[in-house]
There are 2 protein chains.
Amino acid sequence: MRMDTDELSATFAALSDPTRRAILARLAMGETSVSELAEPFDMSLPAVSKHLKVLERAGLIARSRKAQSRPCRIEPNALKEIDEWLNLYRGFWEQSLDCLDTYLKELQAAEKPRDEA
Amino acid sequence: MRMDTDELSATFAALSDPTRRAILARLAMGETSVSELAEPFDMSLPAVSKHLKVLERAGLIARSRKAQSRPCRIEPNALKEIDEWLNLYRGFWEQSLDCLDTYLKELQAAEKPRDEA
DNA sequence: AGGTTACTTAACCAAAGAGTTAAAATGAGA
DNA sequence: TCTCATTTTAACTCTTTGGTTAAGTAACCT
């Protein structure tokens, strides 16, 4: 009875697991193989393989082939979409509007130092 | 056998449901009651109540009391932590460094229009 | 071909998630 | 106090998820 999961939901769901976030963190340092990715974890290789499939279906990683190895790398688009989704809410924790606006204000302030009280 | 869910995992998990993201979107327009939040959805009130509990436990919303009503509002911290987590990966989709840097470059470009080919 | 390395798929299980209806709590008002 | 309005809790179902082990596939090596 569950809705066919949309893209954003799949991405958030993939990121909701600490093992998968750790895998992404490792991949941030560069492309690597499944067994290398699995090495730090206290779980079977098939378990890691499943995590990779989840990350792949969420668009967070991509895999190629190199001999027997299936090297994985980060695919930025999904993360970028999370970031863009967050734009709807930045106003709630950034006292002022956005980073460019803040910069513009700082710029104005810097241009008129005589206006300081 | 599942690990006791850490904060970030709970937040991502909460955001992985479209109903809950829709609730957040509604709350971005202002504090409101449970029944008002439930109104657009084709599901029972207890279902919405559960979603709100998930959002609350993830630190994404907070609730107060006003007569029988339990108005909800967005709690920015959890979203902010997602944004900070994303900082680890921004380099992957921002060709240049960060927004301020980009602005500085545009600024330099604007200051030297004579350099255009 | 046969063996080895590197993964993936299949079959299974326990636990968590998202929904339901029915019943309980909580607060306001007659 | 009795009743209404608002929301939560309880009990139940069904599906999904995250792990397991065992078997299968794929590419390379001799």
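Good morning. A term is needed at the outset: a residue counts as near a strand if its C-beta atom, placed from the backbone, lies within 6 Å of that strand. The model I am presenting is predicted.

With that criterion, let us consider DNA strand C. Its surroundings comprise 24 residues, and the closest are Val34(A), Ser35(A), Pro46(A), Ser49(A) and Ser44(B). Three helices each contribute at least two residues to this surface: H3 (34-38) and H4 (45-57) of chain A, and H4 (45-57) of chain B. Which helix gives the most to the surface near DNA strand C? That is H4(B), with five residues.

I turn next to the pair of H5 helices. Helix H5 of chain A and helix H5 of chain B, each covering residues 76-86, pack at an angle of about 145°, and their axes are 10 Å apart. The crossing of H5(A) with H5(B) is left-handed. On the chain A side, the residues that meet the partner helix are Leu79(A), Ile82(A), Asp83(A) and Leu86(A); on the chain B side they are Leu79(B), Ile82(B), Asp83(B) and Leu86(B). This contact between H5(A) and H5(B) is made up of six nonpolar residues, two charged residues and no polar ones.

Finally, the interior. In soluble globular proteins, nonpolar side chains tend to be buried together. Here, the largest nonpolar core has 38 residues. Those with the most contacts inside that core are Leu55, Leu60 and Ile61 of chain A, and Leu55, Leu60 and Ile61 of chain B. Leaving aside residues up to four places away in sequence, Leu55(A) touches Ala14(A), Arg20(A), Ile23(A), Leu60(A) and Ile61(A). Thank you.

Note on methods
Residues numbered from 1 in each chain as written. Chains lettered and ligands numbered in written order. Predicted model: local features only at pLDDT ≥ 70, side-chain atom pairs only at ≥ 80, totals over all residues. Core = buried A, V, L, I, M, F, W, Y, C linked by C-beta atoms within 7 Å. Buried ≥ 20, exposed ≤ 12 C-beta atoms within 10 Å, placed from the backbone. Contact = placed C-beta atoms within 7 Å. Helix = DSSP H or I, 4+ residues; strand = E, 2+ residues; numbered from the N terminus. Axes fitted to C-alpha atoms, helices over the stretch in contact; angles between N-to-C directions. Left-handed = near helix turned anticlockwise from the far one by under 90°. Nonpolar A, V, L, I, M, F, W, Y, C, P; charged D, E, K, R; others polar.
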